[in-house]
Amino acid sequence: MERSITLQSEVFQEMNESNESSNSTIHNVRSSFKFSHSTNTNPQEILVDEDGDLLLQRKSNIKEVVIEHFNRSPLDLVGMQVWRSALLMSDFIMYRRDIFNYNQVVLELGSGVGMTGIVLAMHCKETIFTDVNNKDILSNIKKNINLNKDLIIGHTTVLPLDFKEELFSELLREKLKDVKIIIAADVVYDNEITKQFINTVRKLMTITPDKTTYIGLEKRYIFSTTELDICAPCYDFFIELLNKASWCKLELLDCNFTQYFHYNRVKELVLLKLTVQKP
Ligand SMILES: C[S@@+](CC[C@H](N)C(=O)[O-])C[C@H]1O[C@@H](n2cnc3c(N)ncnc32)[C@H](O)[C@@H]1O
């Protein structure tokens with residue numbers, strides 16, 4: 001019998017090093033993504049230092065985002081797993097509360113299982129999760145939102161958005177009026193999807209003004225027999241397209257910020273910021 005190729009995310013492998021659920025049959029599993037966050041121990045008690053400056057007493061707590069996902073998947077269902085860039089982006093959201101806060105309506109592209117969007121919804125007024133309407137991807141996001149409803153403070157919306165499609169739905173166009181921030185984690189792994197993704201981001205960012213997009217990704221290295229060297233072809237292709245695009249300005253962000261979630265923050269993880277270039 002013909003067997004199709006399946007992939008397993010490194011996040012799941014690292015969490016289950018000696019566990020049977022990393023076997024080759026595809027099935028649903030639930031994983032807990034623990035994160036640390038600090039709270040004021042007693043907001044009533046105001047402490048000051050010898051100069052009279054306010055001292056905040058903080059206590060670190062561990063909480064968890066619970067995610068239902070596949071243990072492995074075929075390539076067309078990689079959105080049923082959690083990938084490392086989702087955790088990098090989650091840390092970035094937790095760290096940059098000046099950007100991700102209750103004033104914001106944020107749109108996420110390629111939400112997958114909804115991990116990063118759930119972290120957005122822990123801080124922002126509204127989170128619009130989007131992905132392709134393929135098999136259980138969108139219903140699984142809704143299930144994961146419900147599993148984490150005690151953490152969520154903002155409104156959540158789950159909508160289909162396929163980078164291949166030229167037009168956005170009426171509901172999305174309506175919602176876009178309030179969106180200033182767009183995020184995407186790990187959607188750069190196939191050159192055709194990358195082209196369609198950039199085209200989608202361009203349309204979203206130029207439909208109404210003042211939008212910023214944050215993109216998390218992992219450079220995946222291979223040995224190239226033509227170059228006789230290691231290279232990250234999907235990342236290189238993506239950067240080349242963005243460098244040629246006159247409509248946007250690209251910035252590489254420093255990834256050396258606080259790590260709240262427990263995962264292996266490898267050096268191949270990258271965070272990019274895109275803004276619209278004024279003509
Ligand atoms: C590697 S997964 C990353 C999922 C999630 N953001 C994460 O980091 O865990 C890539 C995501 O891109 C989505 N995707 C692939 N092709 C797409 C398309 N044409 N339009 C919209 N999303 C797409 C997949 O469904 C999947 O959710």
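Lys244 and Glu240 are four residues apart in helix α7 (residues 233–244), so about one helical turn separates them. The model behind these exercises is predicted.

**Exercise 1.** Find what joins Lys244 and Glu240, and state how exposed each residue is.

*Solution.* Start with the contact. Lys244 forms a salt bridge with Glu240, and the closest N and O atoms are 3.8 Å apart. Now check exposure. Lys244 has a relative accessible area of 62% and is exposed. Glu240, at 46%, is partly exposed. A network also exists: salt bridges with shared partners join Glu14, Arg84 and Glu218.

**Exercise 2.** Explain how Lys195 and Glu192 are placed along their helix.

*Solution.* Both lie in helix α6 (residues 191–207). They are three residues apart, so the separation is about one helical turn. Lys195 is partly exposed at 41%, and Glu192 is partly exposed at 44%.

**Exercise 3.** Decide which strands the salt bridge between Lys34 and Glu64 links.

*Solution.* The closest N and O atoms of Lys34 and Glu64 are 3.4 Å apart. Lys34 sits in strand β2 (residues 28–40) and Glu64 in strand β5 (residues 58–70). The two residues are 30 residues apart, so the pair links distant parts of the chain. Lys34 is partly exposed at 36%; Glu64 is partly exposed at 34%.

Note on methods: Residues are numbered from 1 along each chain as its sequence is written. This is a predicted model: local features need pLDDT of at least 70, side-chain atom pairs count only at pLDDT 80 or more; totals for chains, interfaces and linings use all residues. Side-chain values use heavy atoms; hydrogens and water are left out. A salt bridge is a side-chain nitrogen of Lys or Arg within 4 Å of a carboxyl oxygen of Asp or Glu. Buried means under 20% relative accessible area, exposed over 50%, partly exposed in between (1.4 Å probe, protein chains only).
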